[in-house]
Amino acid sequence: MKCCNGAESAKVDGDPAPVPSESDPGTDSRPMHCVVGGAHAFILRISSFFGLAPLRFESRSNGFTVGISNAMCIYSYILVTVLVICTIFGLVAEINVGVDLSVRMSSRMSQFVSTCDVLVVVITAGAGVYGAPKRMRNMLKFMESIASVDTSIGAHYSLATERKLCAILVAILLFFSVLITDDFCFYALQAKKIDRQWDIVTNYIGFYLLWYVVMILELQFAFTALSVRARFQAVNDALALTARHISVPLEKAKEPTPLNIFAIRVAAESRRCANNVSLLVDSMPGKEHAVIIRNAVSGEPKLIVPPCEAIRRLACLHGALCNVVHRIGNSYGLPLIVILISTLLHLIVTPYFLIMEIMVSSHRIHFLVLQFLWCVTHVLRMFVVVEPCHYTINAGKRTEALVCRLMTSTPSTGMLPSRLELFSRQLMLQSVSYTPLGMCTLDRPLVASVLGAVTTYLVILIQFQRYGE
């Protein structure tokens, strides 16, 4: 993907490159569009089909031009509303059948658990789709900061990495599709024994389709978080290169990280941005001073500004990325909280059914395998949300470590120590973390807390079940 509005946010002509601000009226008021390609175009097309990216796509030689589409917004709202209504009516119909004829609700406890299972999927999908237009608008805006980083550090593009990203996305979706289809067919075949297979189809078709919406929403957030993490890595690599330039080797030299994710072109539909600027090149016409690193003929990255100036500009870029993290957290705040609650409930519900099946000893091997695969899927869902945030936090900690080591290793004279001091103060005030709605921090300790809660509630549910018998 390629980008254009970052040129407006990287004017330097002897002054610092301004950090894109959320309050910049020129940034927020102009309509935006993007040219996307590769893995990003793939995830956006799928998201658009399921109502999570209400964008219009216009084919171009180098990808697709995308922008907010009112027609797709209406399509998204209608799609999720119809699926939610179908799912609720199906749930009510299945409850009214009673425990004797229901294949999923064979007891009062399983009725309650299955109802919670369905409702959390409905709420998660609804929160994701109804908030999609606002999230997509915010995405187009914070891409300016991504553009300024990629332009300044000489973004490196890898076709092999792009193909790997697409292959991973396809593999995840194929696995999930097989699991959904197998689960659906299993319950339909169970219902066929009592001549209720078509009732199961009509009652649960909306539920299974909403599962796709939930899964795509999680992948969309993970894709976004990984894109920002890649930029933090690039800033850290540039910081390490600056240290080597002043003979303070903090880390061993390594290959630059490919910035494939979100390598797009963001453009304001105004005359001020008539000339598109690719993120995949090293400089901007008329604004060469905005570039900190340029790739040499040999392919090696080379610092083209004095170390003191490089530190100042890297601090600006780091601050811009911190703002992007906070904007992503605000955009995905409610859906993320609902996803975490949904994952917690599913990690209670699915093992509950698995344990109950083992205790009953009905020897339904297919059902046991299905429930085990669902348990694995829910654990992976949690890691899909948490791990990109964990890696981003680690990248922020690496920045702190690099600046700290630079401060202790550089001479105490000149402008460089004062620049490093300002950078260190900025790091103290701008944390790198995802805190949706301020309720929790998305990091690995959260996984331990969820697993502990799942264990506690499973014990309670099993005790109630045994007491009910």
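Analyst: Contact, in what follows, means heavy atoms within 4.5 Å. The model is predicted, with local features needing pLDDT of at least 70 and side-chain atom pairs pLDDT 80 or more, while totals for chains, interfaces and linings use all residues. Residues are numbered from 1 along each chain as its sequence is written, and side-chain values use heavy atoms, leaving out hydrogens and water.

User: What does Leu442 touch, apart from residues up to four places away in sequence?

Analyst: Leu442 touches Phe221, Leu336, Leu340, Val385, Val386, Cys389, His390, Ile393, Tyr434 and Pro436, once residues up to four places away in sequence are set aside.

User: Which residues have the most contacts inside the largest nonpolar core, and what makes it a core?

Analyst: Phe221, Tyr434 and Leu442 have the most contacts inside the largest nonpolar core, which has 121 residues. A nonpolar core is a set of buried Ala, Val, Leu, Ile, Met, Phe, Trp, Tyr and Cys residues joined through side-chain atoms within 4.5 Å. The largest share of this core, 24 residues, is supplied by helix H7.

User: Why is Ser48 called buried?

Analyst: Ser48 has a relative accessibility of 5%, and therefore counts as buried, given that buried means under 20% relative accessible area, exposed over 50% and partly exposed in between (1.4 Å probe, protein chains only). Ser48 has its place in helix H2, residues 38–49, and, leaving aside neighbours within four places in sequence, is in contact with Ala53, Leu55, Phe57, Met72 and Tyr75. Of the 469 residues of the protein chain, 55% count as buried.

User: How do you know that Leu437 is exposed, and where does Leu437 lie?

Analyst: Leu437 has a relative accessible area of 51%, which is over the 50% that marks an exposed residue. Leu437 lies in the loop between helix H11 (416–429) and helix H12 (444–468), and the phi angle of Leu437 is near 55°, a positive value in a residue other than glycine.

User: What is counted as a helix or a strand, and how many of each are in the protein chain?

Analyst: Helices (H or I, at least four residues) and strands (E, at least two) are DSSP runs, numbered from the N terminus, and the protein chain has twelve helices and six strands. In this chain, 80% of the contacts with a separation of 6 or more are between residues 24 or more positions apart.

User: Why are H4 and H7 called oblique to each other?

Analyst: The axes of H4 (residues 108–130) and H7 (residues 197–245) come within 9 Å and cross at roughly 50°. Angles under 35 degrees count as roughly parallel, over 145 as roughly antiparallel, 65 to 115 as roughly perpendicular and the rest as oblique, so H4 and H7 are oblique to each other. On the H4 side the contact is made by Asp117, Val118, Val121, Val122, Thr124, Ala125, Gly128 and Val129, and on the H7 side by Phe207, Leu210, Trp211, Val213, Val214 and Leu217.

User: What makes H7 and H9 oblique to each other?

Analyst: The axes of H7 and H9 (residues 333–360) come within 11 Å and cross at roughly 120°, and H7 and H9 are therefore oblique to each other. Trp211, Leu217, Glu218 and Phe221 of H7 make this contact with Pro335, Leu336, Ile339 and His346 of H9.

User: How do you know that H3 and H7 are oblique to each other?

Analyst: The axes of H3 (residues 70–97) and H7 come within 8 Å and cross at roughly 135°, so H3 and H7 are likewise oblique to each other. Val80, Leu83, Val84, Cys86, Thr87, Gly90, Leu91, Ala93 and Glu94 in H3 meet Ile200, Asn203, Tyr204, Gly206, Phe207, Leu209 and Leu210 in H7.

How values were computed
Axes are lines fitted to C-alpha atoms, for helices over the stretch in contact, and angles run from 0 to 180 degrees between N-to-C directions.
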